[in-house]
Amino acid sequence: MYGSQDASAIWQGDYTKLLLSSGFIRGSANASFYHPDWDVRVLVHGDDFVCLGDTDNLQKTEQSL
């Protein structure tokens, strides 16, 4: 995967598929997600994930990743 020009697009497709299958909804920004049951928001930049939510639901998010 490394060294190819489409590596970032492949990576984005991978984490998007994983988050959507875990119940997250894609936000209006391309790399933002929201889980309505857990009230967790996720923002992705490259390979950095920023998550906002309470402790229990952040642990669920971590387990799903």
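Two strands pair if DSSP finds at least two bridges between them, and helices (H or I, at least four residues) and strands (E, at least two) are DSSP runs, numbered from the N terminus. With that in hand, welcome to the views. This is a predicted model, in which local features need pLDDT of at least 70, side-chain atom pairs count only at pLDDT 80 or more, and totals for chains, interfaces and linings use all residues. Residues are numbered from 1 along each chain as its sequence is written, and side-chain values use heavy atoms, leaving out hydrogens and water.

**View 1. Confidence in the model.** The mean pLDDT (the predictor's confidence in each residue, from 0 to 100) is 91 for the protein, and 92% of its residues reach 70 or more.

View 2. Contact means heavy atoms within 4.5 Å; axes are lines fitted to C-alpha atoms, for helices over the stretch in contact, and angles run from 0 to 180 degrees between N-to-C directions.

**View 3. The largest nonpolar core.** A nonpolar core is a set of buried Ala, Val, Leu, Ile, Met, Phe, Trp, Tyr and Cys residues joined through side-chain atoms within 4.5 Å. The largest one has 9 residues: Tyr15, Leu19, Phe24, Ala31, Phe33, Trp38, Val40, Val42 and Val44. Two or more residues come from each of α1 (7-21) and β3 (40-45), and β3 gives the most, with 3. Beyond its neighbours within four places in sequence, Phe33 is in contact with residues including Tyr15, Leu19, Val40 and Val44.

**View 4. Arg26 in β1.** Arg26 is found in strand β1. Arg26 is partly exposed, with a relative accessible area of 40%; buried means under 20%, exposed over 50%, and partly exposed in between (1.4 Å probe, protein chains only). Leaving aside neighbours within four places in sequence, Arg26 is in contact with Thr16, Leu20, Ser32 and Phe33.
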